[in-house]
Amino acid sequence: MERQQRDGARTGSVLRARLALLALLCSVLVPLLVAGLRSVLWALVGIAGLAVAAVGVWWTLAHTGVLRVLGLVLSVTAPLTVLSLYAASGMLGPACLSLVLWVLAVASARTALAPPRSPARRAPAPRDPWVVMNPRSGGGKVGRFGLVEKARSAGARVVLLDGNQDVVQLARQAVAEGADLLAVAGGDGTQALVAEVAARHDLPFVVIPAGTRNHFALDLGLDRDDPAAALEALTDGVEQPVDLGFAADRVFVNNASFGTYASVVADPAYRDAKLHTTLRTLPGLLTGEDAPGLRMRTGATQVGGLQALLVSNNPYLRAVDAARPGRRERLDSGLLGVLGVRVANTAQAARLVRGERSGSVMRLRVDEVVVDADTSDIAVGIDGEHVLLPTPVVCRSEPGALRVRVPRHRPGRPVLAAPADWRRVARLARGGRGAGAAARGSAVQEPDA
């Protein structure tokens with residue numbers, strides 16, 4: 001039976017690899033068949049429109065007054081002009097079809113190269129689960145969904161935060177009193193604090209998405225619109241190992257942000273007027289004397305002059321790599337994702353259309369990175385919470401440190417995927433074993449639905 005499953009998985013991977021190559025070929029042939037060699041000119045027009053729009057966005061964010069207004073106009077009119085030209089020439093339909101085929105090709109390539117799943121073991125029900133809930137998170141989701149009553153009916157001890165307690169101390173006290181599972185109904189910042197305690201005591205951890213954004217819950221496949229569904233992990237759950245990220249001694253389950261975003265969040269006016277505060281402070285942070293000037297190093301790689309740097313617990317997907325960018329399809333790779341941005345002038349903003357080849361965008365996958373600046377301490381946004389850390393800040397991954405328990409049946413179980421490597425896709429499509437479904441990576445522990 002196991003061999004049949006392996007053979008079936010390999011056959012599916014081969015078929016997806018062939019679909020990827022076919023879609024890739026068609027994405028090139030469609031514009032060529034419609035416009036011939038003129039399709040190259042239309043591609044250049046599209047790239048030019050994106051470059052002008054990027055300049056417009058840069059002027060809008062980095063300047064004030066007339067340049068900001070002009071930048072706003074450019075960022076809107078440039079793409080509209082390109083779309084109008086495409087429509088007038090009959091190229092809009094073929095261009096859209098080509099784009100859809102390209103997305104299909106990338107998605108198929110990534111799933112074809114995905115590592116295999118190994119089933120997670122069903123977890124026994126805890127004897128003394130402990131849940132901390134923040135009744136203010138997410139606009140009062142704890143009360144709206146009756147989480148307190150439902151958790152207690154499942155046999156859990158519930159502690160409600162009133163804003164003055166030390167949540168880490170509460171979690172440690174719960175462990176000392178015999179809790180064999182820790183859970184949090186609140187935002188990602190609170191999740192990270194309790195997750196560290198659970199990891200240090202080797203206890204299972206349950207995420208209840210009762211915050212505003214719930215990015216961690218999203219990547220675990222939980223239903224963010226129904227926080228109570230996560231309580232099923234207490235009675236019908238499975239465990240999976242999840243990495244933890246560290247910025248100095250601070251844990252993060254999602255990311256640690258350095259530079260412009262962290263500085264904007266640090267402004268006291270940000271919570272009440274996010275857009276106004278961002279537009280007011282960004283010019284100084286991007287081109288003025290307040291520009292952070294970050295430096296990072298990892299191994300032999302050193303980069304300076306960064307205005308923003310995002311270090312994530314497992315890499316985020318790029319827009320071209322997923323139907324839903326901004327997601328992490330793996331939380332157990334043992335790697336940090338590093339995304340840095342360095343744009344100092346209009347020319348560099350225009351080159352952003354080249355992505356990582358522009359020299360203004362840097363993406364890395366590492367197990368450790370050191371972030372430094374010219375100041376003795378630096379503002380960091382850790383899972384949305386503003387903190388000051390002394391420089392340099394060492395960010396590292398602790399692989400598989402957290403035992404996360406999730407409901408066995410959950411709606412958002414992600415489809416595993418790997419970066420699209422077209423040479424390996426071609427070998428797999430020919431039936432070669434060197435690029436097979438294992439994707440040269442370890443099996444991913446993921447519960448069967």
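**Exercise 1. A charge and a ring**

Determine over which ring the charged end of Arg396 sits in this predicted model.

*Solution.* The ring is that of Phe246, and the charged end of Arg396 lies 4.2 Å from its centre. The cut-off for this distance is 6 Å, taken from CZ of Arg to the ring centre, and the pair is accordingly listed as a charge over a ring.

**Exercise 2. Aromatic pairs**

Find how many aromatic pairs there are, and describe the geometry and the setting of each.

*Solution.* Step one is the count, which comes to two aromatic pairs.

Step two takes Trp42 and Tyr86, whose rings are 5.5 Å apart, centre to centre, with 85 degrees between the planes. Because planes over 60 degrees apart count as edge-to-face, the pair of Trp42 and Tyr86 is edge-to-face. Trp42 belongs to helix H2 (residues 38–62) and Tyr86 to helix H3, so that distant parts of the chain, 44 residues apart, are linked by the pair. Trp42 counts as buried at 17% relative accessibility, and Tyr86 is likewise buried, with a relative accessible area of 10%.

Step three takes Trp102 and Trp422, a tilted pair with 6.3 Å centre to centre and 35 degrees between the planes. Since Trp102 lies in helix H4 (residues 92–112) and Trp422 in helix H13 (residues 422–429), this pair ties together parts that are 320 residues apart in sequence. Trp102 is partly exposed at 32% relative accessible area, and Trp422 is partly exposed at 25%.

**Exercise 3. Helix H3**

Compare the span of helix H3 with the one expected at 1.5 Å a residue, and state which residues of H3 are buried.

*Solution.* Helix H3 (residues 65–89) has 25 residues and covers 37 Å from its first C-alpha to its last, which is close to the expected 36 Å. The buried residues of H3 are Arg68, Gly71, Ser75, Ala78, Val82 and Tyr86. Just after H3, Gly90 adopts a positive phi of about 80 degrees.

**Exercise 4. The nonpolar cores**

State how many residues the largest nonpolar core has, which of them have the most contacts inside it, and what Phe216 touches.

*Solution.* The largest nonpolar core has 36 residues, and Leu182, Phe205, Phe216 and Leu402 are those with the most contacts inside it. Elements that each supply at least two residues of this core include strand S4 (181–186), strand S5 (204–209), helix H9 (215–219) and strand S17 (393–407). Leaving aside residues up to four places away in sequence, Phe216 touches, among others, Phe205, Val207, Arg328, Leu402 and Val404. A second, separate core of 24 residues includes Leu294, Leu336, Ile378 and Ile382.

Methods
Residues numbered from 1 in each chain as written. Predicted model: local features only at pLDDT ≥ 70, side-chain atom pairs only at ≥ 80, totals over all residues. Heavy atoms only, no water. Helix = DSSP H or I, 4+ residues; strand = E, 2+ residues; numbered from the N terminus. Expected span 1.5 Å × (residues − 1). Buried < 20%, exposed > 50% of the residue type's maximum accessible area, 1.4 Å probe, protein only. Core = buried A, V, L, I, M, F, W, Y, C linked by side-chain atoms within 4.5 Å. Contact = heavy atoms within 4.5 Å. Phe/Tyr/Trp six-rings, centres within 6.5 Å; stacked < 30°, edge-to-face > 60°. Lys NZ or Arg CZ within 6 Å of the ring centre and 35° of its normal.
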